[in-house]
Amino acid sequence: MSDAVSQPQVRRPHRPVIAGIVPGQPPRVLREAAQYARLHGAALLVAHVDVTRFVSYEDPDGYVHTAPINLDAIPSEALETQLREQAIAALSGVEVAWSIEMLAGDPALAMKDLAERTEARLIVVGTRKRGIGDSIREFFTGSVAARLAHRQPRPVLVVPLGEPVKDDEDPWRGRQDWAEEL
């Protein structure tokens with residue numbers, strides 16, 4: 001087994017390492033999660049939470065029905081294809097079994113529920129990109145990583161995605177595009 005393309009799983013794994021991803025995210029989050037999955041001898045469950053959809057109801061067999069908040073939103077099939085291609089590229093050459101799980105609703109609550117249902121070993125998420133718009137959203141909704149860490153018993157690994165801000169540095173100095181991020 002030398003490439004990730006030949007290793008996706010069909011069934012949801014038991015006791016996996018969960019990696020929360022978003023479209024366009026740097027591959028570092030998936031690669032770090034894959035390393036921990038390998039160390040634990042576990043499968044990697046790549047999870048994306050579509051915040052533009054909400055859970056409308058769940059069948060007794062566990063199948064979850066969702067509905068879009070915005071009817072003009074990108075269909076989830078196209079988003080799943082994009083995320084699958086992103087995972088294949090990031091996990092190329094990594095020897096770990098993996099699968100994708102598409103969730104809907106609040107990211108922290110959806111990943112917490114997935115972790116409980118699969119008895120996950122670890123949840124891996126990335127930091128948000130730096131920007132005033134993301135900071136304002138995080139102020140009102142809270143950090144997904146922080147909310148996960150406070151609402152469930154599993155370890156949460158937060159992978160930095162960009163260059164860290166120095167302790168004495170103003171992260172907004174020199175930024176002219178902050179209004180566009182809102």
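Residues are numbered from 1 along each chain as its sequence is written. In this predicted model, local features need pLDDT of at least 70, side-chain atom pairs count only at pLDDT 80 or more, and totals for chains, interfaces and linings use all residues, while side-chain values use heavy atoms, without hydrogens and water.

**View 1. Confidence along the protein.** The mean pLDDT (the predictor's confidence in each residue, from 0 to 100) is 78, and 64% of residues reach 70 or more. Residues 1-9 have pLDDT below 50. Where pLDDT is low, the predicted coordinates should not be read in detail.

**View 2. Helix 3 against helix 5.** Helix 3 (residues 107-118) packs on helix 5 (residues 144-151) at an angle of about 45 degrees, with the axes 9 Å apart. Pro107, Ala108, Leu109, Met111 and Lys112 of helix 3 meet Val144, Arg147, Leu148 and Arg151 of helix 5. These contact residues comprise six nonpolar, no polar and three charged (Ala, Val, Leu, Ile, Met, Phe, Trp, Tyr, Cys and Pro are nonpolar; Asp, Glu, Lys and Arg charged; the others, Gly among them, polar).

**View 3. Isoleucine 100 in strand 5.** Isoleucine 100 lies in strand 5 (residues 98-104). Its relative accessibility is 13%, so isoleucine 100 counts as buried (under 20% relative accessible area, with a 1.4 Å probe and protein chains only). Beyond residues up to four places away in sequence, isoleucine 100 touches Val46, Leu83, Arg84 and Ala87 (contact means heavy atoms within 4.5 Å).

Technical notes
Axes are lines fitted to C-alpha atoms, for helices over the stretch in contact, and angles run from 0 to 180 degrees between N-to-C directions. Helices (H or I, at least four residues) and strands (E, at least two) are DSSP runs, numbered from the N terminus. Buried means under 20% relative accessible area, exposed over 50%, partly exposed in between (1.4 Å probe, protein chains only).
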